[in-house]
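Visitor: I would like to learn how to read a helix and its aromatic neighbours in a model like this one. Could you take me through the features one at a time?

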Amino acid sequence: MSGTLGDLGEFGLIGALTERVPTGRHVPLGPGDDAAVIAAPDGRVVATTDLLVEGRHFRRDWSTAYDVGRKAAAQNLADVAAMGAVPTALLIGLVGPAELPVAWALELYDGLRDECAVVEAGVAGGDVVRGASVMVSITALGDLEGRAPVTRAGARVGDVVAVAGWLGWSAAGLAILSHGHRNPRAFVEAHRRPEPPYDAGPAAARLGATAMLDVSDGLIADLGHLSRASGVRVDLISDLLDVPAQMRDVARALGADPLSWVLTGGEDHALVATFPAGTALSARWRVIGRVVAGDGVTVDGEEWSGAGGWDHFGG
């Protein structure tokens, strides 16, 4: 579709966008009324929300609208999975200037649709607003299927710490793009379009995970939240962290430390969980540390000297 948002108008845009996305099996009443109706078989709803701002979370010269849509959905769906729940639906807010091409907005929704399809979630509705720059707001909902939520507060001394998914790949991709490069493509794509291990969240809950979260701001920073909530210390073991040879090569070329990407890089949306010692973990979970008495997060028993990850207001 050609033209701009201004050419199409608010209600024309809403109609064009809602045609791109299915409501899914969890949404008996989708867009078209003042509010949607979403099924909650468990009787409880897991809810989370995130805001993506152009120039802060994405750049249109680095990522396609489709990439932004996949990323926006992924970071919210991962939060639902990190509670041990199954994602059911998204609500979407889109802010854009009148001169934004309609094709960009439609491609964004194609990305949202395809990421939702990975977990069989639907798009229940949302809003569009004119603004000076592009912003995307996502609210994700999920169902616990009768399980207790896995929070950050349940880790116990003696538990093992394990990760499902990639660590440091998005940070490596951001570094590559920041230096004006586009390859190796695998790292760049990991930054543009993360692939969270959604099904590992509910699976971890069934295995008896005592605490869990997704890595959005950096492994050390995010495990710091778990440490404070649980009243324990998390000790990571560097030899157990996966630092691929190609990541080491990229870091060497850019004058960076690949271990720092793994420990402090965000936006991979891997899941990190603690499990009782002796839990029979599947191959997708890699043990990377242990829970011990104390507080904070250490690496090989020592404090990490640098920043633990991203802080929007602290830098």
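Visitor: Which exposed residues does the face of α9 turned away from its buried side carry?

Guide: Before the answer, please keep in mind that this is a predicted model, in which local features need pLDDT of at least 70 and side-chain atom pairs count only at pLDDT 80 or more, while totals for chains, interfaces and linings use all residues. Residues are numbered from 1 along each chain as its sequence is written, and side-chain values use heavy atoms, with hydrogens and water left out. Buried means under 20% relative accessible area, exposed over 50%, and partly exposed in between, with a 1.4 Å probe and protein chains only; helices (H or I, at least four residues) and strands (E, at least two) are DSSP runs, numbered from the N terminus. On that face of α9, the exposed residues are A245, R252 and A253.

Visitor: And which residues of helix α9 are buried?

Guide: Within α9, which spans residues 245-254, the buried ones are M247, V250, A251 and L254. They lie on the same side of α9 because they cover an arc of only 100 degrees around the axis, the arc being that of the directions from the helix axis to the C-beta atoms.

Visitor: What covers the buried residues of α9?

Guide: Here one looks for contact, meaning heavy atoms within 4.5 Å. The covering elements include α5 (169-178), α6 (185-192) and α10 (258-264). After α9 comes G255, whose phi is positive, near 70 degrees.

Visitor: How many aromatic pairs does a search of the whole structure find?

Guide: Rings of Phe, Tyr and Trp (its six-membered ring) pair if their centres lie within 6.5 Å, and planes under 30 degrees apart count as stacked, over 60 as edge-to-face and the rest as tilted. By that rule the search finds four aromatic pairs. One of them is the stacked pair of W166 and W169, at 4.4 Å centre to centre with 25 degrees between the planes; W166 is partly exposed at 41%, whereas W169 is buried at 15%. Another is the edge-to-face pair of F275 and W285, with 5.2 Å between centres and 75 degrees between planes. Since F275 lies in strand β8 (residues 271-275) and W285 in the loop between β8 and β9 (286-292), this pair ties together parts that are ten residues apart in sequence.

Visitor: Which residue lies over the face of W62?

Guide: A charge sits over a ring if NZ of Lys or CZ of Arg is within 6 Å of the ring centre and within 35 degrees of the ring normal. Over W62 lies R59, at 3.9 Å from the ring centre.
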